[in-house]
Amino acid sequence: MSKRIQEQFDVDMRRLRKMLSKVIDGDEQSVRESLRKKEETRVLDIACGACVEADALTDFLADLRDEKGAKVKLTGIDVRAREISDAQRQFGGKKIDRKREVEKEFEFMTGDATKLDGHGELGDDFDLVFMRHQNYWNGKRTWEEIFDQALGKLSDDGNLVITSYFDKEHELAMEALQRLGGELVKTEFNEETRILPTPGKSVDRHVAVFRKKKP
Ligand SMILES: C[S@@+](CC[C@H](N)C(=O)[O-])C[C@H]1O[C@@H](n2cnc3c(N)ncnc32)[C@H](O)[C@@H]1O
């Protein structure tokens with residue numbers, strides 16, 4: 001990867017961190033309390049590709065939890081084996097974050113996220129389920145299945161976060177998630193979004209957070 005692209009990704013990640021803080025603004029205390037109830041904070045990154053957001057997500061959760069000695073584990077899944085092996089090479093394994101004094105673990109698997117139920121080893125009760133640049137437009141039925149499975153992997157007070165490249169795709173994805181049992185908590189436009197060459201497309205243009213609807 002060229003130095004210029006890496007720098008762009010670093011800027012995108014700083015902006016994504018800001019957006020994650022923005023969407024949980026006003027609710028941090030209750031999210032922190034719920035994270036502190038468990039020894040390990042777990043995040044499931046669905047359709048993660050090469051998972052360039054791995055550090056941004058785990059840093060965000062570790063900072064939010066703000067507890068020395070805590071553990072944060074990220075599991076990433078994508079159908080593309082090549083991207084998953086890139087993610088594994090760059091981030092895979094356990095490490096100690098000395099600045100935050102937390103243990104981080106990253107694992108990646110190649111798999112179809114419409115069939116998460118078939119991956120018993122994943123477990124349930126994720127504190128955060130994340131989908132960056134969900135691709136609803138590329139296959140409505142596939143993505144509705146993915147959204148359905150994603151909601152099923154959330155803990156009762158967990159948060160599901162999506163980001164979108166396009167306005168309309170974000171709107172349609174939000175509608176689908178609400179139809180499937182998600183309750184929209186907040187959606188925010190990213191004022192610092194990086195514009196891409198395709199008209200109307202930009203990086204993490206919108207970020208929305210959902211919870212499971214209470215029965
Ligand atoms: C727009 S890309 C986003 C990738 C990454 N999250 C990012 O922001 O760079 C959509 C991703 O969805 C993945 N994907 C599509 N269908 C999938 C499925 N059924 N199961 C798992 N991943 C899938 C693709 O392989 C691709 O990596």
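## A walk through the fold, starting at a glycine

Just after helix α6, G181 takes a positive phi of about 115°. That's our way in, but first a word on ground rules. This is a predicted model, so local features need a pLDDT of at least 70 and side-chain atom pairs count only at pLDDT 80 or more, while totals for chains, interfaces and linings use all residues. Residues are numbered from 1 along each chain as its sequence is written.

Let's stay with α6, which covers residues 167-179. Helices here are DSSP runs of H or I with at least four residues, strands are runs of E with at least two, and both are numbered from the N terminus.

Now look at which way the side chains of α6 point. E169, H170, A173 and L177 are buried. To be buried, a residue needs 20 or more other C-beta atoms within 10 Å of its own; with 12 or fewer it's exposed, and in between it's partly exposed, with C-beta atoms placed from the backbone. Seen down the axis of α6, the buried residues fall within an arc of 100°, so they line one face of the helix. (The arc is that of the directions from the helix axis to the C-beta atoms.) The face turned away from that buried side carries the exposed residues K168, E175 and R179. And what do the buried ones pack against? Their partners are α5, β6 (154-164), β7 (182-189) and β8 (206-212). Packing is judged by contacts here: two residues are in contact if their C-beta atoms, placed from the backbone, lie within 7 Å.

Helix α4 (residues 81-91) can be read the same way. I84, A87 and F91 are buried in α4. Down the helix axis, those buried residues fall within an arc of 60°, so they line one face of α4. The exposed residues A81, R82 and R89 sit on the face turned away from the buried side, and what covers the buried residues includes α3, β2 and β4. Just after α4 you'll find another glycine, G93, with a positive phi of about 105°.

Zoom in on A87 for a moment. Why does A87 count as buried? Because 26 other C-beta atoms lie within 10 Å. Leaving out residues up to four places away in sequence, A87 touches C48, A50, C51, A54, G76 and F108. Take C51: A87 and C51 are 36 residues apart in sequence, yet 5.7 Å apart in space, C-alpha to C-alpha.

D117 is in the loop between β4 and β5, and it's exposed, with 12 other C-beta atoms within 10 Å.

D125 lies in the loop between β4 (102-110) and β5 (126-131). D125 is exposed too, with 11 other C-beta atoms within 10 Å. Its phi is near 60°, a positive value in a residue other than glycine. D66 also has a positive phi, about 50°, although it's not a glycine. You'll find D66 in the loop between α3 (54-65) and β2 (71-78), where it's partly exposed, with 13 other C-beta atoms within 10 Å.

Of the 16 residues around the ligand, A47, G49, A113, R132 and H133 come nearest; a residue is near if its C-beta atom, placed from the backbone, lies within 6 Å. The elements giving two or more residues to this shell are β2 and α5 (140-152). The shell divides into 6 nonpolar, 5 polar and 5 charged residues.

Finally, step back to the whole chain. It has 6 helices and 8 strands, running α-α-β-α-β-α-β-β-β-α-β-α-β-β from the N terminus on. Buried residues make up 38% of the 215 residues. Among contacts between residues at least 6 apart in sequence, 76% join residues at least 24 apart. The C-alpha atoms fill a box of roughly 50 × 45 × 35 Å, taken along the principal axes.

Key:
Nonpolar A, V, L, I, M, F, W, Y, C, P; charged D, E, K, R; others polar. Expected span 1.5 Å × (residues − 1).
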